[in-house]
Amino acid sequence: MKTELDSLATALYVMTDDLLKVSPQFGPWRPAVGISPLLSDAELVTLAMMQAMLGFTSEARWLRHARAHLRHLFPYLPQQPGYNKRLRKAAELIRRVTRTLAVDTTLWSDDVWVVDSTPVECGRSRETVKRSDLAGWAQYGYCASHSRFFWGLRLHLVCTLHGLPVAFALTGAKADERETLLDLLAVEPQITDARPGQTLIGDKNYFGREFEQHLAALDIRLLRPARKGETERAGSHLFKPLRQVIESINETFKGQLDLERHRGRTPGGVAVRVLQRILALTAAIWHNDHTGQPVLRALTAYDH
């Protein structure tokens, strides 16, 4: 499996390096005159992806592992404080790379999307909640899938049926899923403009006449199960197997990519750690798509 991961890391490095050569403004800002970093931005993105892929939630442990096993890929590795600081500054670059990889797959043009949100827990004790720098963004919310309350954020995801992330956002736990979805589509209108007749599959939380009218104006057809008191909706026989697809995507983030063990303590820290995991999933799907491997269960080929 080491060969598979090395191949993915090399491909991601080349893609990121090429992107920065064409669009250097996507990289973190640094003075025009100064010492060039020994770890390039392309290497940093690759290192961040591998950390998420291999399940290291501790940066200190990850860097120790990288020094022992990945010197053939990264001749220079920074200390943990420097790695953490550069990673937070590279959040926008990671987002750009993730989108570039997604667009460069055959799955990007899929005419069916699934939408859902999943909790990103940020603390459990009352003392953590009171002292956290995330207070004001993180909130108390309820996770119906696991019948539990949590304090933290929600990751909202629009994906293809194969799990390729199309759009995503981090919000407070109480944010309205419908409003967040409409905001995501409004921020990047080119996504829907290029996809007339797109089908969107969601759960019972994505309801409302005005909401569906907004989607219809974007030429998006919403499929969802009927709520209590509603008549049966079209495509209802598809929801049980498709619900399993949605749950499988969420389980990939939580089970294989340790989404809820992100260890972020600040807004920037949480955001970049979530972006790392979205990058890892996208990179695995992108690499499998280009190498002719099965796209579903994309991460299993790279598990350590």
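Predicted model: local features only at pLDDT ≥ 70, side-chain atom pairs only at ≥ 80, totals over all residues.

Modeller: Happy to! As for space, the largest pocket holds about 470 Å³.

Which elements give two or more residues to this lining? They are the strands β1 (112-123) and β2 (139-143), together with the helices α7 (177-187) and α10 (239-256). Of these, α10 contributes the most, with five residues.

While you have the model open, two other places are worth a visit. One is where helix α2 (residues 41-53) packs against helix α3 (residues 59-69): the angle is about 110 degrees and the axes lie 11 Å apart. Since angles of 65 to 115 degrees count as roughly perpendicular, α2 and α3 are therefore roughly perpendicular to each other. On the α2 side, L47, M50 and Q51 make the contact, and they meet E59, W62, L63 and A66 of α3. By class, this contact has five nonpolar residues, one polar and one charged.

The other is in helix α5 (residues 91-103), where E92 and R95 sit three residues apart and so are separated by about one helical turn. E92 and R95 form a salt bridge, with their closest N and O atoms 2.8 Å apart. Across the whole structure, a search finds 10 salt bridges.

Key:
Residues numbered from 1 in each chain as written. Heavy atoms only, no water. Axes fitted to C-alpha atoms, helices over the stretch in contact; angles between N-to-C directions. Helix = DSSP H or I, 4+ residues; strand = E, 2+ residues; numbered from the N terminus. Parallel < 35°, antiparallel > 145°, perpendicular 65-115°, else oblique. Contact = heavy atoms within 4.5 Å. Nonpolar A, V, L, I, M, F, W, Y, C, P; charged D, E, K, R; others polar. 1 Å grid on protein atoms, 1.4 Å probe; cavity = no way out; pocket = protein on both sides within 12 Å on 5 of 7 lines; lining within 4 Å. Points joined across faces, edges and corners; volume = space filled by probe spheres on them. Salt bridge = Lys/Arg side-chain N within 4 Å of Asp/Glu carboxyl O.
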